[in-house]
Amino acid sequence: MKTHSDITHLLNKPIRNEHDYYHKVVYPLLDILGVPEEFRWPQFPIRNPFGSGDLRLDYLLYVQDVPMVIVEATLAKEAFADGFRQARNYARNFETKIDEIRDMTVPFILVAADGDIRMFRATPKGINIEYEPLDGFLAWEEIMSEAQLFEPRDMAQLDFLRPAVAPPTKPIARPEILQAKLAEQFFFELSMALKTVDSLKDASGRDKDDAQIMLMNRIIRAARIHDEAAIDRACQEAGLDKMMLEIVEAALKRYQQKFTTRQFDGPAVARAYREFVSKAFTGESRSLPIRWGKQVRYENTARYFTPTEIIQQMVRLCHIQPTDKVIDFTCGSGGFLAEAAMSVPDEIAGDFLVNNVVGVDIDPFCVETTRTLLGFLFPDRADEVKVFLHNGLYAKPHYKRYSDDKKAEPYLVAGQYDVVIGNPRATFYSGGNEQRVFKLWEERYGAIQHTWDHLFFVRRAIELAKPGGRICLLVPDGFLANSQFQDLRNEIWCQCEMRTVISLPRVFKNNNAKMSILYMAKNPRWHPLWQVMMASVPARLEHPSEDGGIEWVPTNIFAELEGVGELFEVVTAENAELPASNDR
Ligand SMILES: C[S@@+](CC[C@H](N)C(=O)[O-])C[C@H]1O[C@@H](n2cnc3c(N)ncnc32)[C@H](O)[C@@H]1O
């Protein structure tokens, strides 16, 4: 390990411009750490995790196919926090088009900016990855030896460095990062096997997503407690033939030790599970079971999950307290519920989850996924979570095509939540039985002029909140901008105190929807000096180009959004100083 005193002499040099900074600080820094030139990749291209275009890292330090350290360096004044945010968001969503480097959470980042240089390592926090500071800097031999934990593709090629690359006796990289990668691999192997099973498809060959994920989760649950008989039973009931059963058993055997030692639990594995589900089961043509009389038929549905970093910032806006009751009534894969539960102190998080947090979704696939996700985070509380299959718009079943769970009803009564959070569906009304549904809505809210889903959801969110309750939704931009929704906006502004609107560029993979975060509190306490923060994260930002001109580069959306979140804290603190007023 190199210490800060090994590098402090780099920080006091007079620097003329960005190029000079690289010559006098960044290259010498990599030399001090002993990084050979062939393992430094300047301007390494990565996919923009959300949004279009590629982004470029200042440097990637890698060992064979394993990306080990992202280096972000800038001369700009007061840019350390920005550089850190950039590097962190690149590192936790690291995806590249370059085949020779694998996609994975990058275990370390190195930030040089604003007269400071620090190294950080990846640490799971909730369903997110955070980066915590190290006490010094990993030297190249240590980076090499840490890389061995991630089993680089071809260690033989590193033979000339063999004496230096024994695996570390006391690893610095967090083992959960590695476990998560293995867990994701296991989820894919299991799901690939189950995807070929006939009984998990409907008559037209369409995947029964819900049946597949239920079987998968049953197998995972049984593997956790080493109940092989239960695994066999689950597979037989699902109609797996002998050959398929053998494939499943072989996959389980490969990973058995991970289950036995409980390495397949915890936040990093929960994140890996959500990533697996997003990759394998989201997009335009997924399937949803619908009841027709006594029959169940699978219909097409589009399924998208909210990006983790957006969830994180939305939960942060809400300042969730341990006494708050929280609901996401369109919970999808359970991202908001997981983040909400992890936002209270660790020692009460499990109790908070099972007593104060409620999830509802109309899609059995999502209910199953959410329960499993929360089970990875809180394995001992998995059976107690309050996640229900129900139409979130109604407290009672209103339409027989969905198999509403009666147990949800008490949790769907209006006016009981301190926080209503989520990312409701945003299309034209798509639930069937239109005449009756619109009549019901008219009875509840008077005339309804438009039939976009989110208009129902925003009203319902307000209805579920208690007086003073906070409502934080990801809604289509159109809701806030289109003149046709002015009446609805007026209706909402009469019922709620606006806190912030943050307009985002396109954030869903394979979906062009442009969304905004809408955060408000039920029942207005307007004050003439009250500040409402209106912010916008653009898709591209101006950047000085090498030829001295200006170029437009894709925004690191999450880093920008985090900065907006920090600004909101300032605005909130200033508003808190104002005396309460009903002066409107
Ligand atoms: C954009 S997704 C939410 C994703 C979720 N925030 C996540 O992180 O995974 C919208 C969800 O709304 C659900 N949904 C649609 N109509 C619903 C209704 N009437 N009641 C409850 N859930 C509904 C869909 O099944 C879908 O899971």
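**Helix packing, domains and the ligand shell**

In this predicted model, helix α9 (residues 267–281) packs with helix α13 (residues 364–377) at an angle of about 160°, and their axes lie 7 Å apart. Since angles over 145 degrees count as roughly antiparallel and those under 35 as roughly parallel (65 to 115 is roughly perpendicular, the rest oblique), α9 is therefore roughly antiparallel to α13. Here the axes are lines fitted to C-alpha atoms, for helices over the stretch in contact, and angles run from 0 to 180 degrees between N-to-C directions. Helices are DSSP runs of H or I with at least four residues, strands are runs of E with at least two, and both are numbered from the N terminus. As for numbering of residues, it starts from 1 along each chain as its sequence is written. Local features need pLDDT of at least 70, side-chain atom pairs count only at pLDDT 80 or more, and totals for chains, interfaces and linings use all residues.

On the α9 side, P267, V269, A270, Y273, R274, V277 and F281 make the contact, and α13 brings in F365, T369, T372, L373, F376 and L377. Contact here means C-beta atoms, placed from the backbone, within 7 Å. Sorted by class, this contact has ten nonpolar residues, two polar and one charged. Nonpolar covers Ala, Val, Leu, Ile, Met, Phe, Trp, Tyr, Cys and Pro, charged covers Asp, Glu, Lys and Arg, and the others, Gly among them, go down as polar.

Helices α10 (residues 308–318) and α18 (residues 557–576) pack at an angle of about 0°, with axes 10 Å apart, and are therefore roughly parallel to each other. E309, I310, Q313, R316 and L317 of α10 meet F558, L561, E562, G565 and F568 of α18. That contact splits into five nonpolar, two polar and three charged residues.

Zooming out, the protein chain divides into domain 1 (4–173), domain 2 (179–281) and domain 3 (306–576), with bounds from an automatic or database domain assignment. The centres of domains 1 and 2, taken over C-alpha atoms, are 34 Å apart. Five residues of domain 1 touch seven of domain 2.

Then there is the ligand, surrounded by 21 residues (C-beta atom, placed from the backbone, within 6 Å of it). The closest are T330, G332, S333, G335 and G392. Elements giving two or more residues to this shell are α11 (335–342) and β10 (357–361). The shell has nine nonpolar, nine polar and three charged residues.

Terms used
Two residues are in contact if their C-beta atoms, placed from the backbone, lie within 7 Å.
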